[in-house]
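This report describes a protein chain for a reader who has the sequence and the three-dimensional structure at hand. Please keep both in view while reading.

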Amino acid sequence: MILFPAGIVAGIMSSTTGMASLVSYPALLAVGVPPVFANMTNTVSLVLAGAGATVSSRRELRHHAKDLLKVLPLTLIGSVIGAILLLEQPADTFEKVVPFFVLAAGLLLAFPPSASSLELRRVSKIRSIGFDAMIIVVGAYTGYFGAAGGVMLLALLSRSGKYEFTTYNALKNVSLGASNLLAAIIYSLRSRVYWLLVIPLAIGFFIGGFIGPQIVRHIPERIMKGIVVIGAIGLSIWLFVDAYGLV
């Protein structure tokens, strides 16, 4: 069974770069799960990646409860919207714009805001309505499609320039873990989830999710961002080719 080792690798990728679906989604397709149900089964399994990462990220989260309480409700609101949209309108059309979202997230990380820009944002209170709305959009994207949702949230949080990469990563892991949980509940009640496949994948996700934050602690921030940027660009190309049938 390829799902357990795929889950470990995907869990590590989830809790370090936010790109678990690069591994886990194709693994589900490889064992014969139809695309829309693979997306839902993957989201349910990802809950365990968030759980493992949360347990492993207690050090980074210790002094950031207020930040988490600001980001978490917004991603949850978005997740509900996205999950309901997926049940009502499958992702065929949306897949064509996803590559551009992923590429934009990678570029946001590649070109951080200048110090003067950050100072202006702090003076004007960065947590504006527009910033909050974008977090809801990322949550909706995660509940709807999910691929590289973590990269998008990382890119968005990094625009504040307030903390280190490890802190953004921890906030991302907990917020999207909860977002996936809420979407998973909706999917399990209203659609089909391949539960027998969830078990090995989710166990692998938990293990990988636990390992990931420990890796992030020992890799310089610039290198981690570089890995995420390269991965996001590569994923956007793969999604573009897949969405537009270029192979």
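## Overall fold

The model is a predicted one.

Of the 247 residues in the chain, 51% are buried. Among the contacts with a separation of 6 or more, 83% are made by residues 24 or more positions apart. The chain exposes about 11300 Å², and 71% of this area is supplied by carbon and sulfur atoms.

## Salt bridges

Side chains of opposite charge can pair when their charged atoms come close. How many salt bridges does the whole structure hold? A search finds two.

One of them joins the side chains of R217 and E60, with a distance of 2.7 Å from N to O. R217 belongs to helix α11 and E60 to helix α4, so this pair ties together parts that are 157 residues apart in sequence. Helix α4 covers residues 58-61. When residues up to four places away in sequence are not counted, E60 touches T166, A170 and R217.

Another salt bridge links the side chains of K225 and E221, at 3.4 Å from N to O. Both residues lie in helix α12 (residues 221-243); because they are four residues apart, about one helical turn separates them. K225 is buried, with a relative accessible area of 18%, while E221 is partly exposed, with 33%.

Is S45 buried or exposed? S45, which is placed in helix α3, is buried, with a relative accessible area of 0%. Leaving aside neighbours within four places in sequence, S45 is in contact with V198, L201, A202 and F205. The C-alpha atoms of S45 and L181 are separated by 9.1 Å, although these residues are 136 residues apart along the chain.

N180 lies in helix α10 and is buried as well, with a relative accessible area of 7%. Not counting residues up to four places away in sequence, N180 touches T43, L46, V47 and T142.

## Aromatic pairs

A pair of aromatic rings is described by the distance of the centres and the angle of the planes. The structure holds three such pairs. In one of them, the rings of F37 and Y194 have centres 6.4 Å apart and planes at 50°, so the pair is tilted. The reasoning rests on the cut-offs: planes under 30 degrees apart count as stacked and planes over 60 as edge-to-face, so an angle between these limits is called tilted. F37 is located in helix α3 (residues 35-56), and Y194 in the loop between α10 (165-190) and α11 (195-217); the pair therefore ties together parts that are 157 residues apart in sequence. F37 is partly exposed, with a relative accessible area of 26%.

The rings of F240 and Y244 form another pair, with centres 4.7 Å apart and planes at 35°, so this pair is tilted too. F240 is partly exposed, with a relative accessible area of 32%, and Y244 is partly exposed, with 36%. Together with F100, the residues F240 and Y244 form one aromatic cluster.

## A nonpolar surface patch

Which residues form the nonpolar patch on the surface? The patch consists of F4, L48, V55, L196, I199, I203, F206, I207, F210, I211 and I215, which have about 890 Å² of accessible area together.

Helices α3 and α11 each supply at least two residues of the patch. The largest share, eight residues, comes from α11. F210 is found in helix α11 and is partly exposed, with a relative accessible area of 33%.

How values were computed: Residues numbered from 1 in each chain as written. Predicted model: local features only at pLDDT ≥ 70, side-chain atom pairs only at ≥ 80, totals over all residues. Heavy atoms only, no water. Phe/Tyr/Trp six-rings, centres within 6.5 Å; stacked < 30°, edge-to-face > 60°. Buried < 20%, exposed > 50% of the residue type's maximum accessible area, 1.4 Å probe, protein only. Patch = residues over 30% accessible without salt bridge, like charges linked within 9 Å, V, L, I, M, F, W, Y side chains within 5 Å. Areas by Shrake-Rupley, 256 points an atom, 1.4 Å probe, with all protein chains shown as cover. Salt bridge = Lys/Arg side-chain N within 4 Å of Asp/Glu carboxyl O. Contact = heavy atoms within 4.5 Å.
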